[in-house]
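Colleague: Before we discuss how the terms are applied here, could you put the predicted model on the screen? I would like to set each label against its cut-off.

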Amino acid sequence: MRGPRYWALTGGWLAAALLLYPVAWALGLLVSNDYWFLPVGVRVAALLRVPVRWWWALLLGEYIAASATLVYFGGSFTPAGSIMANGVPWGLYALAVWLWRRQSAEELPRTPQSFAQLLMVGFAASALTAVNLVALRAIDGRLAGDSTIESLFGLLVGDFVGMVLLGPVLVQFGDPRAAWRQSRVWRDLAYSVVPLGIVLAVVASNQPQALPYVALFALGAPLYLARQSGWRGAALAFALVSAAVYATGRAHFSPQIASLLQFYLAVIGVAGLIFGSWVGFERRLRERMQRGLDELAEANARLQSQTAEMRELGRRLVRAQEDERQRIRADLRGELSQQITILGTQLSLLVRRVDRPELMAMLDELRTHVHALRDAADDCLENLQPRAMSSGGLAEALRGGPSARALSEAGVETRVTIEGDERRLAELDRMQAYRIVQHLMALAMRYSNAVLMEVRVVVGAGVPPEVELDIRLLCRSPLNLEAVRAESDLQAVRDRVFARGGQAHVEIEPSGGLRVVCRFEAGAAAV
């Protein structure tokens, strides 16, 4: 059911089409002259602002305005002449606006391309209207004394200038960004149009023969407003400057100068509108880009903050792991080692008391298992906290650790080189490097085709020093990169490097082997 709002909108559009539009059309006709035909500007502005479903009311309003002006001036038209004088031109401009809307899908032009398209279809409508009106004059017998070409040119340019002069100003009514609502536009008008108007008045009073040249110079003001305020400011400036030029020069311009000035008005109007639309489009694009950059900067700041928090959490977790390893090692070393030693001693004493061969064989086997258990416990303690780290340094811990021995027993050779001064690294930094290599050694144990593991540790000369680990695993057959990346030990390496704010790069070399390069910045406060 149609409510009050629908009927209010319907009444508003009908009032605009049947009252405001005829009044504006008639006023435009009254102030039209040899330079422009202003009802065309009123017509195009109304077609742009009014929904298509109400265009029939605009056509009716135009007939009302045309009939009223004919009665006022005492003229008359036959029905066919009325259709050619008003119906056909209105239909041509309506078709032009409809085609432009269909092409651009915009209510008002916003880009230089859409402005140029609107002006082109408007120019085509002006040309066809000029042909129609020349034909009407020929039929009516009013073409005598004027050549057809001159009439076509005058009608075409007059309609087009009227559209360019008044249309862009009228379409701004109801727009919150209209030129007259911007203080900057009035300031720019005061700096440009007002002084030029004064100069035109002074020249017209004292040197009228120089007025055409000053008028041509004055018409450059819309280009300045286009640069400062976009097409809205350019449209207002173009209307004001054109009025000033006409007011000061109508008594001094010859027909030839008037025709030339009319053409120049069309060129300046088109140039100002397109240039102004380009300026506005470029500003909107720059603002949109700046908003995008600001949003990206905020997102990047949040990401950096979250990354820093995650790295700090990673550092704390790694530190907690190392502390827990030290505690477990201390507990095992104190309890497990003691119990294994006691068990070995008791077995040795028991061997001395047993004289039966079968029992002695069993006891010897038990002593062998106890020795193996002691070795396994030592390896476990070494993995938790390598003793060689404090005595022989990182290189000794990597070469003689349990992981390296396990690789050697599996037939995989291990080579370790240290470049730079290892003493510049804190104990926690060395432990970080040891754990990374330890994970990769555990990874190498799962590949039966591995033959050689090369470990190169580079300690940088900067402050704090940068640590680089270059680990290469050579294999008899090529490895699959995707399968390697899915390994948990490799993910553990990435996590450790990420916790230090570093980078880990994994690749399969042309020979088919695996290469892992890790870089992180050393620091005594992190692991």
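Colleague: Which helices each supply at least two residues of the lining of the largest cavity?

Modeller: In this predicted model, the helices that each supply at least two residues of that lining are H2, H5 (112-140) and H6, and H6 gives the most, with four residues. The lining has 13 residues, and Leu48, Phe115, Leu118, Gly167 and Pro168 are those nearest the centre of the cavity.

Colleague: What makes this space a cavity, and how much space lies in it?

Modeller: The term cavity is used because a 1.4 Å probe fits at its points but cannot get out. About 140 Å³ of space lies in this largest cavity, and the structure holds three cavities of 30 Å³ or more.

Colleague: How do the residues of its lining divide by class?

Modeller: The lining of the largest cavity has 12 nonpolar residues, one polar and no charged ones. Gly167 is among the residues nearest the centre, and Gly counts as polar under the classes used, whereas Leu, Phe and Pro count as nonpolar.

Colleague: Which residues line the second largest cavity?

Modeller: Its lining consists of Leu440, Leu443, Met453, Ile471, Arg472, Leu473, Leu514 and Val516, around about 50 Å³ of space. Helix H15 (427-444), strand S3 (466-475) and strand S5 (514-521) each supply at least two of the lining residues, with the largest share, three residues, coming from S3. By class there are seven nonpolar residues, no polar ones and one charged; Arg472 belongs to this lining, and Arg counts as charged.

Colleague: Why is Pro22 called buried?

Modeller: The relative accessible area of Pro22 is 7%, and the cut-off for buried is under 20%, so Pro22 falls within the buried class. Pro22 is found in helix H1 and, leaving aside residues up to four places away in sequence, touches Ala17, Gly61, Ile64 and Ala65. The C-alpha atoms of Pro22 and Leu59 are separated by 9.7 Å, although these residues are 37 apart along the chain. Of the 527 residues of the protein, 43% count as buried.

Colleague: What is the volume of the second largest pocket, and which residues are closest to its centre?

Modeller: The second largest pocket has a volume of about 410 Å³, and of its 15 lining residues the closest to the centre are Ala16, Leu20, Tyr21, Ala46 and Leu170. Helix H1 (4-30) and helix H2 (39-49) are the elements that give two or more residues to the lining, and H1 provides the largest share, seven residues. This lining divides into 14 nonpolar residues, no polar ones and one charged.

Colleague: Which residues does Met163 touch?

Modeller: Not counting residues up to four places away in sequence, Met163 touches Val40, Gly41, Val44, Tyr93, Leu119, Gly122, Phe123 and Pro168.

Terms used:
Residues numbered from 1 in each chain as written. Predicted model: local features only at pLDDT ≥ 70, side-chain atom pairs only at ≥ 80, totals over all residues. Heavy atoms only, no water. Contact = heavy atoms within 4.5 Å. 1 Å grid on protein atoms, 1.4 Å probe; cavity = no way out; pocket = protein on both sides within 12 Å on 5 of 7 lines; lining within 4 Å. Points joined across faces, edges and corners; volume = space filled by probe spheres on them. Buried < 20%, exposed > 50% of the residue type's maximum accessible area, 1.4 Å probe, protein only.
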